[in-house]
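I went through the chains one by one, then the contact, then a few single residues.

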Amino acid sequence: MTPQADLGIFAISVAAGLIGALAGVGGGILVIPALTFGFGVDIHLAAGASIVSVIATSSGAAAAYVRDRMTDMRVGMFLELATTTGAVCGALLAAVASPAFLYLLLGAVLLLSAASQAGRMGEEVPPEVTPSALASRLRLVSSYPDRKLGREVTYSARNIPLGFVLMWIAGLVSGLLGIGSGVLKVLAMDGAMRLPMKVSSATSNFMIGVTAAASAGIYLSRGDVDPQIAAPVALGVLTGAIVGARLLGRVSNRTVRLVFLPVLVAVGLETIGRGLGLAL
Amino acid sequence: MSADRFRTMISLVLAAGVAVSAVLIGIGFATALAIGWQGSLVGAAHATGAPTTDFGGLPGRLAALEPAAIAQLGLITLLATPVARVTASVVGFVLECDRLYAAITLAVLLILLTSILVLR
């Protein structure tokens with residue numbers, strides 16, 4: 001890599017970290033195409049750098065999100081039970097499943113979810129409901145300080161079994177296809193469990209690092225993590241994620257949706273592209 | 001342990017992992033720009049010239065102060081940070097006397113370690 005290329009990779013990675021921290025995703029959607037198309041990096045090394053990017057976004061932003069009570073740690077830990085189990089099943093199934101069909105199915109689901117996401121664009125916080133017995137038992141009833149609204153917003157997780165199943169599928173998909181792990185997590189928490197958008201994004205951010213760490217050993221032992229690529233990516237993404245984490249508290253839930261929706265559509269289109277055999 | 005102290009502890013674990021890895025990756029990257037990824041800060045004779053994707057033999061290459069090895073140690077620290085965070089969460093829930101979540105988090109940690117060590 002030339003110093004100019006290093007600088008370019010760093011700049012793209014800052015953007016990926018910033019968008020990823022706000023939207024609750026890992027930034028692979030930006031990092032992988034930029035590395036392969038923009039800088040001619042081998043797809044395996046780009047995927048290895050993407051795993052580094054996901055963990056950097058997660059750890060870089062989560063320190064602030066946990067401290068500022070944006071992350072719901074109980075929701076995160078409870079759902080990580082589903083995602084990690086799903087990821088192991090996905091990795092085991094990878095040899096027997098037909099990826100082309102799965103890519104098309106996932107892409108269709110993501111694009112359909114984009115429509116319902118767009119429909120919730122005007123909703124600042126979900127309507128308050130009486131916590132269900134299960135939500136109380138699992139202590140998935142909490143609140144977060146919304147600095148934009150200037151008040152404490154209380155919420156309780158709804159449709160917990162559905163959310164758990166969707167999270168298992170999110171883990172399965174990331175183990176099988178290595179894409180869409182963050183967007184599916186946000187969709188499950190925002191769409192199914194009806195958590196506030198900022199809490200969904202911050203809690204997804206908290207969780208994606210663990211999902212990615214589960215497969216990090218595979219990438220390291222395959223020789224897919226090259227410091228020549230991964231070092232500027234890590235430094236850039238950490239910078240972007242730390243800045244992004246300072247923004248999330250101040251912006252509205254609508255702004256977070258405005259960042260998330262294009263990411264969701266882009267991941268949906270790229271997934272369909274992969275299903276159709278396009279080299280994206 | 002109070003909820004606030006628990007959050008502070010998790011936040012510190014994450015911030016420490018990020019800080020240590022950023023410093024190591026930064027040093028490795030900056031020195032690689034100066035002397036190249038295959039070099040050694042204690043003289044060319046010490047450089048092993050190992051491919052930068054090879055994470056083996058790290059202690060020896062760190063002793064020779066190879067930029068690539070310093071960056072690799074930083075990347076490993078970064079990749080290990082989520083594992084450290086889950087481990088700290090187990091401790092936090094135990095200290096909070098929350099048995100349900102201590103058990104859930106311990107299960108996550110075991111699944112995580114199994115997948116890191118077994119799937120490759």
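Entry 1, a definition to start. I count a residue as buried if 20 or more other C-beta atoms lie within 10 Å of its own, as exposed if 12 or fewer do, and as partly exposed in between. I keep in mind that this is a predicted model.

I looked up A:Asn159 and found a positive phi of about 45 degrees, although the residue is not a glycine. I placed A:Asn159 in the loop between strand 2 and helix 7 (160–177) of chain A.

I found B:Leu65 in the loop between helix 2 (58–63) and helix 3 (67–95) of chain B. With 19 other C-beta atoms within 10 Å, B:Leu65 is partly exposed.

I read ipTM 0.93 and pTM 0.92 for the model. Chain A has a mean pLDDT of 90, with 99% of its residues at 70 or more. For chain B I noted an average pLDDT of 91, and 99% of the residues score at least 70.

I listed eleven helices and two strands in chain A. Along the sequence the pattern reads α-α-α-α-α-α-β-β-α-α-α-α-α. The radius of gyration of chain A is 18 Å, close to the 19 Å that the globule rule gives for 280 residues, so I take chain A to be as compact as a globular protein of that length. The C-alpha trace of chain A spans about 55 × 40 × 30 Å along its principal axes. I recorded 58% of the 280 residues in chain A as buried. Of the contacts in chain A between residues at least 6 apart in sequence, 81% join residues at least 24 apart.

Entry 6, the strands of chain A. I checked how strand 1 (residues 141–146) and strand 2 (residues 151–156) of chain A are joined: six bridges link them, and they run antiparallel. I found A:Ser143 opposite A:Thr154 in strand 2 of chain A. A:Asp146 stands opposite A:Arg151 in strand 2 of chain A. The hairpin of these strands has four residues between them, and there A:Gly150 takes a positive phi near 70 degrees.

I then looked at burial: 18 of the 22 residues of helix 10 of chain A are buried, so the helix is largely enclosed by the rest of the structure.

I listed four helices and zero strands in chain B, in the order α-α-α-α from the N terminus. The radius of gyration of chain B is 18 Å, well over the 14 Å that the globule rule gives for 120 residues, so I take chain B to be more spread out than a compact globule. The C-alpha atoms of chain B fill a box of roughly 55 × 30 × 20 Å along the principal axes. I noted that 42% of the 120 residues of chain B count as buried. For contacts in chain B with a separation of 6 or more, residues 24 or more positions apart account for 58%.

I located B:Leu100 in helix 4 (residues 99–118) of chain B. B:Leu100 is partly exposed, with 13 other C-beta atoms within 10 Å. From B:Leu100 to B:Gly36 I read 51 Å, C-alpha to C-alpha, at 64 residues apart in sequence.

How many residues does each chain bring to the contact? I counted 44 residues from chain A and 42 residues from chain B. On the side of chain A that touches chain B, the elements giving two or more residues are helix 3 (43–67), helix 4 (73–93), helix 9 (197–222) and helix 10 (227–248) of chain A. Helix 4 of chain A gives the most, with eleven residues. By class, I noted 28 nonpolar, eleven polar and five charged residues on that side of chain A.

Conventions: Residues numbered from 1 in each chain as written. Chains lettered and ligands numbered in written order. Predicted model: local features only at pLDDT ≥ 70, side-chain atom pairs only at ≥ 80, totals over all residues. Contact = placed C-beta atoms within 7 Å. Nonpolar A, V, L, I, M, F, W, Y, C, P; charged D, E, K, R; others polar. Pairing = 2+ DSSP bridges. pLDDT = per-residue confidence, 0-100. Rg over C-alpha atoms; globule rule 2.2 N^0.38 Å.
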